Amino acid sequence: MNYAWNWGVLFQSPYLGWLGQGIAMTLAVSVAAWVIALSLGTLIGVFHSGASGVVRLATGSYINLFRNVPLLLQMFLWFFVVPELLPKAAGIWLKRELPHPEVVTAIVALGLFTASRVAVQVAAGIAAVSRGQSMAARASGLSTIQAYRFVLLPQAFRIVIPPMTSEFLTIFKNSSIALTIGVYELTAQTQQIQSFTYQGFEAFTAATVVYMTIALMVTTLMTVIERKVSIPGRTARG
Amino acid sequence: MSGFDISVILDALPLLAKGLGLSLGLTAIAMIGGLALGLVIAIVRLSRFRVLALLAALYVNGFRAVPLILVIFWFYFLVPLLLGRPVGALYSVLIAFVMFEGAYYSEIIRAGLKSVRPGQWQAAQASGMTYLQAVRLVVLPQALRKMAPLMVTQGVVLFQDTSLVYVVSLHDFMTSASIVANTQNRIVELYVFAALVYLALCTAGGTLAQRLSSDRQRAH
């Protein structure tokens with residue numbers, strides 16, 4: 001292999017700064033999108049598990065639609081197509097006035113996409129809580145909302161911590177797709193370092209190490225949370 | 001913008017069909033290659049060879065920790081360098097996809113192999129089979145039925161992921177739609193059409209996975 005390694009390039013100005021900005025952007029986009037995904041996904045999951053008829057059709061359609069179109073295309077749809085379909089004034093506002101339109105769009109697109117995946121997990125978690133729990137909640141006089149709030153969701157969330165961990169990890173990886181609409185997150189910055197310096201492998205190695213570190217930290221954090229909140233005698237792990 | 005112009009899509013159909021062909025071809029090769037590689041990795045991880053099993057685990061967890069786009073970039077620059085000559089984006093991408101999918105498929109296969117009851121392993125060993133014979137003749141046939149729905153689901157994810165070759169300008173379905181959208185200045189039509197095609201194909205795949213999984217439940 002004929003390649004002149006030069007790890008020093010990573011610590012030179014401005015490349016070190018680019019890496020730092022990339023990491024910050026990846027973390028910001030992912031965490032902001034996760035807030036949307038977790039709240040909206042929980043809401044959709046609850047309605048999907050409890051409702052029937054029109055509501056279930058609506059939640060089912062949301063899940064189906066957002067899971068079956070590539071995230072890259074979803075980003076393009078939100079970024080290029082939606083401003084064209086809105087009333088003129090709103091479209092122009094989105095394109096011209098909104099600060100950092102590409103970052104906001106990426107967060108929204110990634111959040112709505114991941115919400116469909118979170119919804120599936122939450123619905124599965126609620127289904128896994130034994131039926132007696134829901135009956136007992138109603139029998140002791142709790143309203144439907146109270147039953148979900150105090151009995152079903154606290155148990156369902158514990159059950160789905162492992163698959164939820166994997167969705168949380170995936171959102172950091174998926175945030176790299178934001179580079180296609182011009183967000184300078186970690187992968188985009190390393191690609192930029194490659195085209196400026198031709199020292200691509202050093203930059204890609206740095207990005208790989210950062211993504212692995214994020215994965216390790218998230219996994220450790222979630223294991224700690226799982227252990228903290230586990231109900232004695234009733235764990236998800238077989 | 002003025003109305004939804006369907007003629008742009010009709011004119012572009014040959015180009016889009018060619019793109020879809022590449023997307024489907026890439027999916028098929030990555031799936032077959034990924035399954036083969038995944039099977040080897042899963043068998044190594046469950047074997048008695050500690051060091052090899054550890055290396056296989058590192059491989060799987062390494063690939064699963066990084067975004068596919070980064071893997072595509074890695075191989076796009078690495079493959080020509082290793083071979084000492086330019087090979088074109090397609091080959092680099094194919095290798096990247098097979099290596100990446102191998103990690104994901106190995107997890108599905110490993111879970112499938114582990115789901116077969118220990119008595120089956122013991123019986124196979126007791127009847128004098130080697131580890132590989134036990135896998136091939138006893139455990140894998142049973143595990144395959146459990147894995148089939150997950151494999152199809154992963155295939156649907158993979159098909160969607162092939163759109164990421166956009167970053168190295170390979171003309172798959174997504175990239176072709178994007179090219180027509182920009183040259184004809186018909187962004188809305190092309191992206192909405194592309195979304196509908198992906199939606200239809202992936203929904204069909206999802207339905208197949210569901211049917212496989214309910215068939216399995218009935219068989220038990």
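**Helix packing, interface and backbone**

Author: Leu110(A), Thr114(A), Arg117(A), Val118(A) and Gln121(A) of α5(A) meet Pro163(A), Met164(A), Glu167(A), Ile171(A) and Asn174(A) of α8(A). Two residues are in contact if their C-beta atoms, placed from the backbone, lie within 7 Å. This is a predicted model, in which local features need pLDDT of at least 70, side-chain atom pairs count only at pLDDT 80 or more, and totals for chains, interfaces and linings use all residues. Residues are numbered from 1 along each chain as its sequence is written, while chains are lettered from A and ligands numbered from 1 in the order in which they are written.

Reader: How many nonpolar, polar and charged residues does the contact of α5(A) with α8(A) have?

Author: Ala, Val, Leu, Ile, Met, Phe, Trp, Tyr, Cys and Pro count as nonpolar, Asp, Glu, Lys and Arg as charged, and the others, Gly among them, as polar. By these classes, the contact of α5(A) with α8(A) has 5 nonpolar, 3 polar and 2 charged residues.

Reader: Are α5(A) and α8(A) roughly parallel or roughly antiparallel to each other?

Author: Axes are lines fitted to C-alpha atoms, for helices over the stretch in contact, and angles run from 0 to 180 degrees between N-to-C directions. The axes of α5(A) (residues 101-128) and α8(A) (residues 161-174) come within 10 Å and cross at roughly 165°. Angles under 35 degrees count as roughly parallel, over 145 as roughly antiparallel, 65 to 115 as roughly perpendicular and the rest as oblique. The two helices, α5(A) and α8(A), are therefore roughly antiparallel.

Reader: How is the pair α1(B) and α2(B) oriented?

Author: The axes of α1(B) (residues 6-46) and α2(B) (residues 50-65) come within 7 Å and cross at roughly 135°. The orientation of α1(B) and α2(B) is therefore oblique.

Reader: Which residues make the contact of α1(B) with α2(B)?

Author: The residues of this contact divide into 8 nonpolar, no polar and 1 charged. From α2(B) come Leu52(B), Ala53(B), Ala56(B), Ala57(B), Tyr59(B) and Val60(B), and from α1(B) come Ile41(B), Val44(B) and Arg45(B).

Reader: How many helices does chain A have?

Author: Helices (H or I, at least four residues) and strands (E, at least two) are DSSP runs, numbered from the N terminus. Read along the sequence, chain A follows the pattern α-α-α-α-α-α-α-α-α-α. Chain A has 0 strands, and its helices number 10.

Reader: What percentage of the residues of chain A count as buried?

Author: A residue is buried if 20 or more other C-beta atoms lie within 10 Å of its own, exposed if 12 or fewer, and partly exposed in between, with C-beta atoms placed from the backbone. Of the 238 residues of chain A, the buried share is 38%.

Reader: Against which elements do the buried residues of α9(A) pack?

Author: Helix α9(A) (residues 186-197) has 12 residues and reaches 16 Å from its first C-alpha to its last. Its buried residues are Leu186(A), Thr187(A), Ala188(A), Gln189(A), Thr190(A), Gln191(A) and Ile193(A). These pack against α3 (68-83) of chain B, together with α1 (15-50) and α10 (200-229) of chain A.

Reader: Which elements give two or more residues to the side of chain A that touches chain B?

Author: In this interface, 30 residues of chain A are in contact with 29 residues of chain B. The elements of chain A that give two or more residues to this side are α2 (54-67), α3 (71-85), α9 and α10.

Reader: Is Tyr198(A) buried or partly exposed?

Author: Tyr198(A) lies in the loop between α9 and α10 of chain A. Its phi is near 60°, a positive value in a residue other than glycine. Tyr198(A) has 13 C-beta neighbours inside 10 Å and therefore counts as partly exposed.

Reader: Is Asn185(B) buried or exposed?

Author: Asn185(B) is found in the loop between α7 (173-183) and α8 (187-219) of chain B. Its phi is also positive, near 55°. With 10 other C-beta atoms within 10 Å, Asn185(B) is exposed.

Reader: Is the peptide bond from Ser13(A) to Pro14(A) cis or trans?

Author: Most peptide bonds are trans. Pro14(A) is placed in the segment before α1 of chain A. The bond from Ser13(A) to Pro14(A) has omega near 5° and is cis.

Note on methods:
Expected span 1.5 Å × (residues − 1).
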